[in-house]
Amino acid sequence: MTHKRSGGDRRVIGRRGLMAGAAGLVASLLVAGDATGVGGRGGAGHRHGRDGDGKHGGGERGDGERGDGEHRGGRRAEEFRGMWVATVTNRDWPSRPGLPPADQRAELLAVLDSAVECRLNTVILQVRPTADALWPSPYEPWAQCLTGTQGKNPGWDPLATAVEEAHRRGLELHAWFNPYRVALHTDPSRLAASHPARLHPDWVVPYGGKLYYNPGLPEVRRFVEDAMLDAVRRYDIDAVHFDDYFYPYPVAGQAFDDDAAYAAHGDGFPDRAAWRRDNIDRLVREMSERIREIKPRVRFGISPFGIWRNAATDPRGSATQGLQTYDDLHADTYRWVKERWIDHVVPQLYWHIGNRAADYATLVPWWNDVVRGTGVQLYVGEALYRAGDPLQDRAWQDPAELSRHLTFAREHDQVLGHAFFGTRDVATDRIGAMARVVSDHYPTPVRPPGR
């Protein structure tokens with residue numbers, strides 16, 4: 001999950017605090033009628049789990065019931081209360097690269113304690129930020145955010161500690177992976193010498209000032225699946241979590257160069273966009289199947305950009321005017337829910353109530369209807385990072401805006417909780433918006449749905 005700000009403004013890209021920056025990106029992602037809206041954890045675009053007994057949340061898949069025994073609008077006995085912990089560029093943790101292991105560990109425990117203090121029950125930890133790892137992976141180098149040098153052993157196992165200490169506190173630990181992003185620059189020589197992107201330069205595409213693995217290559221898809229599934233096999237994580245980065249957010253005037261892959265693998269598709277969507281569909285479906293084979297109690301969740309398609313493009317879409325995941329990121333999030341390839345969906349609804357281009361009060365009912373009858377659980381991604389940001393719309397200067405979101409969402413029977421971006425903002429709580437949410441909605445701790 002990653003968005004970006006220019007200067008101090010994380011409005012642009014998809015979920016989770018990435019901070020990337022090209023001026024063309026902002027221009028290409030701006031939402032019609034809303035100068036704050038772009039893709040990703042920001043404007044009308046932002047971005048950001050399963051169980052061994054075959055259970056998927058509030059009831060078996062396909063029954064369409066919530067399974068928490070609650071009536072519409074009532075207080076829930078089970079509810080998802082999560083927060084994202086972005087490690088890319090040290091956004092949320094660790095505070096800076098190169099800290100001694102004891103200090104990194106102490107900061108991590110403080111993150112978990114802050115979740116408990118806010119009566120949250122789930123931490124979504126970014127463990128594969130840029131095709132590197134927060135565990136001793138046989139596939140990819142140690143993450144740069146730990147030591148400042150990609151591939152350098154930090155002297156401890158952050159993922160093992162995170163799982164153990166989260167569970168000790170009664171928290172779920174969801175391991176957050178970014179499948180295809182390789183680097184926030186375009187220079188392969190800056191990667192660790194052992195990095196797969198250096199060993200297989202034909203796997204990599206530079207675009208918009210970053211490096212990406214090419215989703216159109218079957219060998220790349222298999223590799224990134226294997227790399228992520230290593231953590232599923234080795235650690236007692238509760239869920240696998242993807243954010244909204246699949247094909248990259250579009251950058252004005254630039255083309256993603258997958259010509260050779262399309263020529264080799266695109267036969268039988270009506271156009272390149274259909275082929276690209278099939279590539280991402282395959283990733284999601286295969287991960288779903290392989291997680292179940294390896295450890296069926298581990299759930300699989302995805303946090304897409306909040307708009308699938310606009311109704312002006314597709315009558316099944318939402319009454320919005322923003323970037324469309326189906327068309328712009330080649331991510332058919334609607335299909336993933338309907339096909340039940342995922343256990344829960346966490347759309348990044350990072351807009352205020354009343355936003356002209358993408359109204360929170362329009363998108364919650366839309367997603368509520370999409371998941372109905374599928375057994376896929378719906379949690380809403382919330383833009384805590386916007387609260388009190390002086391560059392944001394006036395609505396975000398009101399400490400009660402987020403609390404109103406939860407009040408509104410509670411009237412929709414398929415919404416089973418919320419996730420907040422991000423941890424740094426939970427801690428600083430610039431204008432008291434998180435404290436207001438806790439006071440108004442989280443009087444006591446509760447279990448996540450279906451646990």
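Reader: At roughly what angle do the axes of helix H11 and helix H12 cross?
Author: The axes of H11 (residues 360-371) and H12 (residues 401-410) cross at roughly 35 degrees and come within 10 Å. Helices here are DSSP runs of H or I with at least four residues, strands are runs of E with at least two, and both are numbered from the N terminus. Axes are lines fitted to C-alpha atoms, for helices over the stretch in contact, with angles from 0 to 180 degrees between N-to-C directions.

Reader: Before we go on, what sort of model is this?
Author: This is a predicted model: local features need pLDDT of at least 70 and side-chain atom pairs count only at pLDDT 80 or more, while totals for chains, interfaces and linings use all residues. Residues are numbered from 1 along each chain as its sequence is written, and side-chain values use heavy atoms, with hydrogens and water left out.

Reader: Thanks! Which residues make the contact between H11 and H12?
Author: Tyr360, Ala361, Val364 and Pro365 of H11 meet His405, Phe408 and Ala409 of H12. Contact means heavy atoms within 4.5 Å.

Reader: How do H2 and H4 pack?
Author: H2 and H4 (residues 158-168) pack at about 35 degrees, with their axes 10 Å apart. That crossing is right-handed. On the H2 side, Arg105, Leu108, Leu109 and Leu112 touch Pro158, Thr161, Ala162, Glu165 and Ala166 of H4.

Reader: Where does Asp113 lie?
Author: In H2, which spans residues 101-117. Asp113 is partly exposed, with a relative accessible area of 31%; buried means under 20%, exposed over 50% and partly exposed in between, using a 1.4 Å probe and protein chains only. The C-alpha atoms of Asp113 and Arg169 are separated by 7.9 Å, though the two residues are 56 apart along the chain.

Reader: Switching to strands: what is the order in the open sheet of three?
Author: E6-E8-E7, with antiparallel pairing. Strands count as paired if DSSP finds at least two bridges between them. The edge strands, E6 (181-183) and E7 (204-207), each pair on one side only. From one strand to the next, the twist averages 35 degrees.

Reader: How many bridges join E7 and E8?
Author: Four, in the antiparallel sense, with E8 covering residues 210-213. Pro206 stands opposite Leu211, and Tyr207 has Lys210 as its bridge partner. The two strands form a hairpin with two residues between them, and Gly208 in the turn has a positive phi of about 60 degrees.

Reader: What about rings, how many aromatic pairs are there?
Author: A search of the whole structure finds 27. One of them is Trp84 with Phe421, a tilted pair at 6.3 Å centre to centre and 55 degrees between the planes. Trp84 is in strand E3 (residues 80-85) and Phe421 in the loop between strand E13 (415-420) and helix H13 (423-428), so the pair ties together parts 337 residues apart in sequence. The rings of Phe, Tyr and Trp (its six-membered ring) pair if their centres lie within 6.5 Å; planes under 30 degrees apart count as stacked, over 60 as edge-to-face and the rest as tilted.

Reader: Is Trp84 buried or exposed?
Author: Buried, at 0% relative accessibility. Phe421 is buried at 0% too.

Notes. A crossing is left-handed if the near helix is turned anticlockwise from the far one by less than a right angle, and right-handed if clockwise.
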